[in-house]
Amino acid sequence: MDLKFSVKATWQGVGKEGEGELALGGAELRYSAPASMGGKGVGASPEDLLLSAVTACYSGTLMRILAEKHLPAASVHLETDGVVENFPEKAKFAQITVSPTIHGGDAGATTRYREAAELARERCFIGRTVRDYLTYSVGEVVVK
């Protein structure tokens, strides 16, 4: 079965001087090039949105795996970092690192949580989509 997803966008302005609005999932979100890349820095950036997609998929996948492995977890909090290399000449995303903190977990089973975190990286389909084009890794796994 194929699933279809749709996002609508409106953009005004030229290049880095412009800004837009996305309509997705019943919400509206402003976006522009980030200030660090010479853009307006209004709302989210395309770079933020890429990291958000990986983070959202990974977090749900990790919680499902923790449940499958009977590892307690009340919630998962993530910090996701991305690296763009060779800016501005040949800018490209080079690395994404997800670092989960598992709240309500068993700190004595940190190795099992780390294994679950790595498995979530393998199973998250958004991550699988991008990992052939950049380094996608799990950073520090903290269990509280």
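**View 1. Residues of α1 and α2 that meet.** Y58, T61, L62, I65, L66 and E68 of α1 are in contact (heavy atoms within 4.5 Å) with Y113, A116, A117, L119, A120, R121 and R123 of α2. Helices (H or I, at least four residues) and strands (E, at least two) are DSSP runs numbered from the N terminus. The model is predicted: local features need pLDDT of at least 70, side-chain atom pairs count only at pLDDT 80 or more, and totals for chains, interfaces and linings use all residues. Residues are numbered from 1 along each chain as its sequence is written, and side-chain values use heavy atoms, with hydrogens and water left out.

**View 2. Packing angle of α1 and α2.** The two helices pack at about 130°, with axes 9 Å apart; axes are lines fitted to C-alpha atoms over the stretch in contact, and angles run from 0 to 180 degrees between N-to-C directions. α1 and α2 are therefore oblique to each other, a class left after under 35 degrees (roughly parallel), over 145 (roughly antiparallel) and 65 to 115 (roughly perpendicular).

**View 3. The largest nonpolar core.** This core has 25 residues, and Y58, L62 and Y113 are among those with the most contacts inside it. Such a core is a set of buried Ala, Val, Leu, Ile, Met, Phe, Trp, Tyr and Cys residues joined through side-chain atoms within 4.5 Å, where buried means under 20% relative accessible area (1.4 Å probe, protein chains only). α1 (46–68), β5 (92–103), α2 (110–123) and β6 (135–138) each give two or more residues to the core; the largest share, seven residues, comes from α1.

**View 4. Surroundings of Y58.** Beyond its neighbours within four places in sequence, Y58 contacts residues including L78, V98, P100, C124, Y136 and V138.

Methods:
Buried means under 20% relative accessible area, exposed over 50%, partly exposed in between (1.4 Å probe, protein chains only).
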